[in-house]
Amino acid sequence: MGKGGEDYFKRELPSPRAPIHEIETFPAWAKEVRECEKHFKVSRISGLNSWDIEKRRQIHGFNELDKHDGPSIWSLVLDQFNDTLVRILLAAAIISFVLAWYDGGEGGGDELTAFVEPLVIFLILIVNAIVGVWQENNAEKALEALKEIQSENATVIRDGDRVPNLPAKELVPGDIIELKVGDKAPADMRVVELISSTLRIEQGSLTGESEAVNKTNKPVPEDADIQGKRCMVFAGTTVVNGNCICLVTQTGMATEIGKIHTQIHFASQIEEDTPLKKKLNEFAEALTKIIGLTCALVWIINVKYFFSWEFDNGWWPKNFKFSFEKCTYYFEIAVALAVAAIPEGLPAVITTCLALGTRKMAQKNALVRKLPSVETLGCTTVICSDKTGTLTTNQMAVAKIVAMGGAAAEIRRFKVDGTTYNPSDGRIHDWPAGGMDPNLKMMAKIAAVCNDAGVAHSEHKYIASGMPTEAALKVLVEKMGLPEESDDETCQSPSDILLKCCRDWKRSERRVGTLEFDRDRKSMGVIVSSQSGHKSLLVKGAVENLLERSTSVQLLDGSVVELDQGSRKVILQALDEMSTGALRCLGFAYKDAIPDFETYNGDEDHPAHELLLNPSNYSAIESDLTFVGLVGLRDPPREEVSGAIKDCKVAGIRVMVITGDNKSTAEAICREIGVFEPEDDISLKSLTGKEFMELRDPKTHLRQTGGLLFSRAEPRHKQEIVRLLKEDGEVVAMTGDGVNDAPALKLADIGIAMGIAGTEVAKEASDMVLADDNFTTIVAAVGEGRAIYNNMKAFIRLTSFCPCLEYLFICFYQLNFILSLFK
């Protein structure tokens with residue numbers, strides 16, 4: 001490890017093992033709502049009193065992130081000269097300038113020519129300083145980007161009144177907040193009451209989870225990780241479904257975003273030299289010694305010319321005279337030799353090579369934000385990669401269909417290809433040649449109608465709106481085909497007929513009522529009216545829950561038989577197989593007879609409408625169901641990733657997957673893409689972030705050969721992994737897209753952000769941005785970086801070889817002089 005790395009670890013960086021905020025924190029997530037209200041001395045009905053608000057603000061301050069003063073422009077300029085090679089060049093330029101001035105004063109030769117070399121060196125140093133200052137000035141932008149994700153206003157209850165659009169910075173712990181769909185959480189808060197039947201929060205950018213999560217007002221264990229705190233809403237996250245009442249527990253720098261802000265700030269203060277810079281520093285130090293010794297030798301050998309004397313009829317010399325002019329003359333020769341030995345063009349050549357490298361990488365979708373990152377990539381020994389969106393497509397897709405067979409205890413399995421939201425991407429294997437049977441038609445109908453998502457074609461991409469799982473179901477319906485006989489045999493999807501099959505199902509089955517999803521029954525239902533006016537209930541949800549509420553099962557030919565223990569066992573076995581393969585399973589069921597809704601058409605005056613307004617009635621409505629089948633969905637790996645992983649192994653680069661997703665899903669993906677081999681025992685190679693932090697010797701774990709997996713990882717876990725790897729002498733490339741990734745991106749030797757799915761915080765904290773969010777692009781960029789690094793090393797050797805020839809010539813010349821003294 002170079003000196004820069006040693007200095008790095010001597011500085012005081014707070015280890016992520018010890019959380020930055022050590023102040024005693026009230027574990028609101030582990031307490032009942034009444035205990036939380038008692039601790040914060042507030043009532044959810046009336047909120048805080050005016051006199052109490054100011055008192056709390058004096059203790060906790062405003063609800064905003066700290067503004068750190070960046071280094072002054074002059075300190076940044078001086079830092080650019082804190083480099084051995086640059087200091088040598090600066091000294092050479094100054095000495096050359098002084099000598100040129102001295103020679104010019106004596107009126108000898110062309111005065112302007114003598115100043116060319118020092119002026120060129122000065123120009124190179126100035127350009128180098130400007131580039132360095134510009135890059136360092138960009139470092140603080142990650143902190144500014146973090147502030148952009150904060151909410152500006154909030155709806156608060158104070159003094160018994162509802163205060164809309166209160167500036168979020170004025171919130172204090174204990175405030176009662178109303179949240180609704182589309183709102184951004186203004187602080188870390190405890191959910192105290194759900195107004196809607198369900199509450200879903202998009203917090204993936206903070207926790208790394210691939211989907212929006214359901215929230216509850218029930219307490220969880222005190223040692224729960226950030227993903228497990230289901231009763232907490234964190235600052236900067238967004239409500240995607242439902243509304244609720246929350247109690248503010250943490251504000252400003254005490255929030256989870258505040259902790260990330262602090263970690264980014266610390267990481268930005270401590271930046272290690274790149275591998276090339278370490279080599280250049282070593283080269284410059286060696287060059288300084290060689291130049292110094294050679295110049296001293298040249299000057300000392302010519303000492304005899306500094307003096308003159310006479311012999312007056314004897315052997316003892318007298319009339320000694322010292323010639324200052326000859327002393328300075330040979331000093332100029334020595335200095336000229338020193339200046340000639342210094343590779344003045346080296347910084348310019350390095351900058352040019354790196355700049356050309358950025359152009360080549362941009363052509364491969366790797367956008368380099370900092371020039372030194374180009375050569376750092378070439379030295380990478382470990383790639384710490386996120387899973388969602390980097391190794392996978394970040395687009396849910398149905399991978400398997402399980403439909404009922406000709407008998408109650410028989411099932412049929414269909415494999416589904418495709419990794420995107422493009423309906424024409426892939427096909428269904430072993431699909432019935434004669435078209436869909438009644439059982440498959442019922443599955444298609446439920447998937448299409450009991451669904452609120454959409455898929456659109458934009459800029460040569462297919463984009464989902466709504467829940468990713470529901471979008472994947474609509475794509476499946478298109479692959480299954482048209483619901484009835486049609487001139488169109490398949491559903492290819494040019495933009496004019498995109499999701500045509502789903503629209504046909506919706507025309508034949510008009511939706512008149514919705515039973516929203518909730519965390520208790522884990523299902524969603526819709527009441528539909530057929531073209532004949534018949535009402536039925538279509539339901540999708542967790543397979544186990546649907547089976548509990550089902551009394552019959554639909555067979556291949558559409559007939560309905562009793563759901564006995566044999567058929568239940570077969571369905572649960574299929575569910576277990578799919579779950580073991582890290583597939584997220586959804587079941588489908590329906591109910592033909594719903595007397596209370598037979599005349600209901602969505603009219604608010606209808607008696608049945610009252611039943612839909614109360615979510616507690618939903619379980620009773622969704623009873624006596626007929627089970628139809630189930631599907632398995634996943635976020636599939638990118639097709640080209642497996643080959644890129646093999647390339648990394650051949651190149652001697654280890655791949656570590658660090659994700660906020662759950663352990664079983666991550667393990668299945670890692671086996672599929674080749675991070676782990678199918679027969680590998682990964683019990684010691686796959687840990688959660690919490691398990692890793694509890695290890696006595698984490699460095700030994702990180703030194704294992706082959707790939708490693710860390711799931712359910714929090715920001716501090718990622719930081720600790722990167723810190724320990726760097727401490728062990730590894731050159732670490734870290735990928736990420738969320739706010740939670742920013743500290744580790746800043747701390748890594750090279751931080752790589754996602755260009756499509758990445759947050760602005762992650763991009764500003766990174767050294768490189770992937771335009772296509774693809775892991776393969778990283779591997780290609782590493783290969784390009786290695787070529788550039790090797791080319792620059794070859795040039796440095798060449799610039800070192802030329803002065804050696806000069807030295808040899810001088811040495812031979814001086815040796816000839818020394819020998820003449822003995823003649």
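In this predicted model, the axes of helix α15 (residues 468–480) and helix α16 (residues 500–508) come within 7 Å and cross at roughly 95 degrees. Two packed helices are described by the angle between their axes and the distance between the axes. Angles of 65 to 115 degrees count as roughly perpendicular, and α15 and α16 are therefore roughly perpendicular to each other. On the α15 side, K474, V477 and E478 make the contact, while α16 contributes K500, C501, C502, W505 and K506. Sorted by class, this contact of α15 with α16 comprises four nonpolar and four charged residues, with no polar ones.

Helix α16 can next be considered by burial. Its buried residues are C501, C502, D504, W505 and S508. Because these residues cover an arc of only 160 degrees around the axis, they lie on the same side of α16. The elements against which the buried residues of α16 pack are α14, α15, β18 (509–515) and β19 (523–530).

Is D437 buried or exposed? Its relative accessibility is 11%, and buried means under 20%, so D437 counts as buried. A polar atom of the D437 side chain lies 3.0 Å from the backbone nitrogen of L440. Leaving aside residues up to four places away in sequence, D437 touches R412, P432 and L556.

Terms used. Residues numbered from 1 in each chain as written. Predicted model: local features only at pLDDT ≥ 70, side-chain atom pairs only at ≥ 80, totals over all residues. Heavy atoms only, no water. Buried < 20%, exposed > 50% of the residue type's maximum accessible area, 1.4 Å probe, protein only. Polar contact = N/O pair within 3.5 Å; in protein donor to acceptor, adjacent residues only side chain to side chain. Contact = heavy atoms within 4.5 Å. Axes fitted to C-alpha atoms, helices over the stretch in contact; angles between N-to-C directions. Helix = DSSP H or I, 4+ residues; strand = E, 2+ residues; numbered from the N terminus. Parallel < 35°, antiparallel > 145°, perpendicular 65-115°, else oblique. Nonpolar A, V, L, I, M, F, W, Y, C, P; charged D, E, K, R; others polar. Arc of directions from axis to C-beta.
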